[in-house]
Amino acid sequence: MRFTVLGPVRVWRGGEEVRLGAAQQRLLLALLMAHAGRPVALEEAVHALWGESPPGSPANAVYRHVGVVRRLLEPQLAIRETGGWLVRDAGGYRLNASPDSLDLLRFRELVRRARAAADVPLFVEALSLRTGAVATGVPMEARSHPAFTALEREYLAVVKEAADALPANGGPADGQLLAVLHRTAADHPLDEPLQARLVRALAATGQRAEALETWQRVRSLLHTELGVTPGAELRAAQQAALHRDTGPRPGGAGRPASAPTAPDGPSPADRTLSAHGRTTPAPAPGRTVPPPGPAAPTPSAPRLSAVPALAGVGEAEDSGGSGAVPLVRPAQLPSDLATFAGRRSELAVLTGLAADTAPPGVRIAVVSGMGGVGKTTLAVRWAHRVAHRFPDGQLYVDLRGFDPNGTATDPGQALRGFLEALGVPAQRIPAGADAQTGLYRSLLARRRVLILLDNARDAEQVRPLLPGSPGCLVVVTSRDRLFGLVTAEAAHPLALDRLPAAEARESLARRLGAGRVLADPAAVDEIVTRCAGLPLALAVVATRAAAHPDFPLTAIAEELRAAHGSLDAFTDTDPAGDVRAVFSWSYRALSRGAARLLRLLSPHPGPDVTLPAATALAGGTPEEVRGLLAELARSHLLTEHVPGRYSCHDLLRTYARERAAEHDRADAREAAVRRLLDHCLHTAHAAGRLYSPWWTVSPLPTPRPGSVTAFTDDGQALRWYTAERQVLHAVAALAGEQGYDAHVWSLAWTLERFMDRQGHWHESAALQRAGLDAAVRDGHPTAQAHLHRGLARAFARLERHDDARVHIRASLDGFAALGDRLGLAHAHRCHGWLLDRTRDHDGALEAAGRALALYRAVGDRVAETSALHALGWTHVLRGDHRRAAAHFEQALTGLAGLEGTRYGEAGAWDSLGVARHHLGEHERAVACFQCALRLYREVGDTFSEAGTLRHLGDTYLATGDPGSARTVWERALRLLARTDPTGAAELRTRLHALGDEVPAPRLTAVTAPRPPQDLP
């Protein structure tokens, strides 16, 4: 057994992590770990678990929790009071742990040895055992328990002690300790003794400028937060940095530090093979197989060489060898507008917020103003100007707070989008909103990221997207002044008014040329007046004038004067110009077909529209609509912000909706919406049939010719879903609003495979719920049974197992009542998967066996292989690898020669490799992993490819070839550094365990995939 409390509360038995269950069980176990071998009194346990509101019989309640925890730790033993891991002692209970089993005791043992020898590497090894806040995973209110806060103070004291032991002339471990000092100082920004040590350490390692910058930052923060000046110790550190005098330090030995001792290797949670060669079950497909223990160092040799079987692996740059989670550097800013003009004073205000002399803390600017006044254009121009000051990237999201269709972006959806942009795969995003916000803020801690939140509705839409630590800058644009952010978050308000006349003329000159503008100043003045100083209106007029370079500007002004419209801008309560007149003038200049298309585009709910969707709305041909879209873009009424994807300003969409209500019959507008819904549903159906051809999808009527996008393979289908994901969810919402229930449940049913495999589980749960409600309204029992199964899967992914059990039972009952044997087989297959997740492997075998029998009865060969794979993996989890391998081989035999099954084949090859590895058949395991790699690369699934590379490295290491293991793990790391920070950190742990001296890779086991028939 191994236990950790210096970070997440976790337990492993024989290399497999133990699921700790309910929050109170986890808290009790964390309390036992924090006492580190000392008993926890019964009264203390009662207070920790229930505070001031204990149950009626608190002692009996504690006994019940103790019994549950004891069974978790030792399921094979009967309950007992003495012996084992959890024992009765001194009127309470004690965890019978040692430094080999509990990270806290290991930490204290290393610190004791480090103190005795003033050994910095030993301090570093001890401090590296902390992987996060103490007792992460217990309820937040319980984290303030004295036992946990004492551990935080103990760790902080050791960090300071280690810093004091740094030799004045530097040593090999200085960089590692400096990283620890940086992280700890960021967590304790007002701890002067700690900050003083950081200043000294930076100066000692030659980073004098950063040392002085750190001192200045702390000085400003002390003044801002506490109203005090730095104390004597911090001032002395500054003087030492100024004069490059960093010693002597209290307690410092003044000798060169030795190289850090090799750690004991990964905990049993990070092993597949123990030191004695025993095997342990591997995780489910798609999860990380824990690595073997560290190999003994061998003579140095070149580390890397070509790996024939791995050619084509991405060579993305790694972020370094530290254990820190790498941050993918997003670059999401929209394109800057070359014709931008004016706004010099506003740009200066924003630039001041980004300056190094700005006050510390999270900096927020709110740019407000009426629609069309140029808020986004200004924010984007400024963001590009200062982007170099934010080396960790730029995030952008359009929150669509004032979308005329009412489809504002949910802040949770935006937050998950940011997490994916920062490198967290959807599968790794936590289920709860608070956990997502915590992860987001943790990723941004000690980073410098620029965040642009465009078109916000209100402060509540913004707050979950704000970082929690200094270094980042947030700019919010909104038509609302967002006084809530200004008051509560100290945001800096910047209200935009219409462009002054001089800047408006400058804007026209940028678009039309200075000569043309200077040639007719009176006409320019009239254009500026009638455009009310709104950049959007000026852009529309300038586009019209640029399209006719021979027209004098007096003619343009006369056309504009002749346009009649009301004097109410769409969202401003005190307009000064006829904005509708500008739009109507430009609208009347369109061809009849382009004007009709603009009207028909107005109900489209997504953030942008593609040619196929526009064709569906128009009811024409792609060739016709392509030309009309180009005309609208040339007229500045649409923007092609990405090739093939067109967006429209919400003021123009509102105008188009008004024109549609005037010019188009209600039945024609309804027919256009129906065509759009049909297009999205039928295209999703076609993509789903390729992406997961064995899965049952909803039956649909024959589509209208030309209304469905064609796909060639599963990779193209996946790319389509990725590009259209936001649009599809908005279309489903539109279908619900318009009363098209069949479209809602059909879309939910059809998209479930995409959402599940890509990790979009929150969206899946919401869409499956909406689909189920629509199917109930529609009276469609088959759809209800399928959607209950989809909801069960989504809830299980989100760790809501009780809800999952309710819905899988409803699915089973529904299919049984319908007599639908194939649907019932799918439900049993899903039920087995749920049971595996809750460790009921006997029940999982029974459920998968029922699914297999039903698949065979209905003659579904591909689904049959899925059930065989499920049976095999349950046997892996049970440790019966011989039987597991037989099932995987049967699955591969069944898939041979079938079209569109690359995902299924790749997963089966990978799982067969895991089984072969545990059976000691390493050559065959390598061959299996290489087959899986080839298929994952064909599909373009780098996440799964990296998982298989992990497994391949495990097998190379087990054969005594650590050089090859390092090669494949480093290649996996290069893939994961940009997509999966958590997985990348795990790989760094494995690579660290190998040590620095690793022989060259042999890679002699297998150099090319073998055909399936050779493997058994």
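Predicted model: local features only at pLDDT ≥ 70, side-chain atom pairs only at ≥ 80, totals over all residues.
Which residue in β2 is the bridge partner of threonine 4? The answer is arginine 10.

Threonine 4 lies in β1, which covers residues 2–4. Its partner strand β2 spans residues 10–13. The two strands run antiparallel and share 3 bridges.

The sheet has 3 strands in the order β1-β2-β3. It is open, and its pairing is antiparallel. β1 and β3 (16–17) are the edge strands. Each has a single partner strand, so one side of each is left without a neighbour in the sheet. Strands of a sheet pair through backbone hydrogen bonds.

How many disulfides does the model have? The count is 0. Cysteine 931 is in no disulfide. Its nearest cysteine sulfur belongs to cysteine 928 and sits 6.6 Å away. A disulfide needs the two sulfur atoms within 2.5 Å.

Is cysteine 931 buried or exposed? Its relative accessibility is 2%, so cysteine 931 counts as buried. Cysteine 472 is at 0%, so it counts as buried too. The cut-off for buried is under 20%.

## The whole chain

The protein chain has 1016 residues, and 54% of them are buried. It holds 41 helices and 14 strands.

The accessible surface of the chain comes to about 41400 Å². Carbon and sulfur atoms make up 53% of that surface.

Technical notes: Residues numbered from 1 in each chain as written. Heavy atoms only, no water. Pairing = 2+ DSSP bridges. Helix = DSSP H or I, 4+ residues; strand = E, 2+ residues; numbered from the N terminus. Buried < 20%, exposed > 50% of the residue type's maximum accessible area, 1.4 Å probe, protein only. Areas by Shrake-Rupley, 256 points an atom, 1.4 Å probe, with all protein chains shown as cover.
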